[in-house]
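Please have the structure open beside them as you read.

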Amino acid sequence: MRGLAAAALLLASMLAVADANLFTVGWAQRVNYTDWASGKRFYVGDWLKFVFTKYQYSVLEVNQTSYENCVEADFITNITRGGRDVFQLNYSRPYYFISGYGQCWGGVKLAINVEDIPPPQPSPPKSAATSVESQVSTLLMMFLIWAFILILVDF
């Protein structure tokens, strides 16, 4: 029974983050992070994955003033763990990130604005073919979930 509860909890957490996006930020010199971010929309619940060489770069969340002046000392959060570090955007607000080790002065910094998730738009009426495809997808997903739970219960 404990295995079934664990499977249900795992499934619920997978569904909760299904709409979140993961943005990979390759922390490096000679990258214009303003250009990189300009074509993207960031929403509450999304994730940033910073990929970099540890001991050469770091990831620090800072305020706007520290971002503009590359001040490492007054960081809000040190995200650095091992060079493949993730950070969830939990609030609708501007976020500012810089790299330590003097790399910020070379342009290794990122400013983004995170928005609340927009309300869902009403969907146009579906054709009969789309409806059948949707039903097949739903049945397939239900089967996969059922198979996943059975596997977990057997373990």
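1. A definition to start with: buried means under 20% relative accessible area, exposed over 50%, and partly exposed in between, using a 1.4 Å probe and protein chains only. Helices (H or I, at least four residues) and strands (E, at least two) are DSSP runs, numbered from the N terminus. This is a predicted model, in which local features need pLDDT of at least 70 and side-chain atom pairs count only at pLDDT 80 or more, while totals for chains, interfaces and linings use all residues. Residues are numbered from 1 along each chain as its sequence is written, and side-chain values use heavy atoms, with hydrogens and water left out.

2. Let me begin with strand β3, residues 47-51. L48 and F50 make up its covered face, whereas W47, K49 and V51 make up the uncovered one. In a regular strand the side chains alternate between the two faces of the sheet.

3. β3 also has two pairings worth a look; two strands pair if DSSP finds at least two bridges between them. With β1 (residues 22-26) β3 pairs in the parallel sense over five bridges, and V25 has F50 as its bridge partner. With β6 the pairing is antiparallel, again over five bridges, and here V51 stands opposite R84.

4. Next, the open sheet. Its five strands follow the order β2-β8-β7-β4-β5, with mixed pairing. β2 (42-43) and β5 (77-78) are at the edges with a single partner strand each, so one side of each has no neighbour in the sheet. Within this sheet, β7 (residues 94-98) and β8 (residues 109-115) run antiparallel and are joined by five bridges; F97 has L110 in β8 as its bridge partner.

5. Do have a look at T80, in the loop between β5 and β6 (84-88). T80 is buried, at 17% relative accessible area. Its side chain reaches the backbone nitrogen of V59 at 2.7 Å. Contacts of T80 (heavy atoms within 4.5 Å) are F52, S58, V59 and D85, leaving out residues up to four places away in sequence.

6. Which cysteines form a disulfide (a pair of cysteine sulfur atoms within 2.5 Å)? They are C70 and C104, with sulfur atoms 2.1 Å apart. The link joins distant parts of the chain, 34 residues apart: C70 is in the loop between α3 (64-69) and β5, and C104 is in the loop between β7 and β8. The link is left-handed, with -70° about the S-S bond. C70 is buried at 9% relative accessibility, and C104 is buried at 3%. A search of the whole structure finds one disulfide.

Technical notes: Polar contact = N/O pair within 3.5 Å; in protein donor to acceptor, adjacent residues only side chain to side chain. Disulfide = S-S within 2.5 Å.
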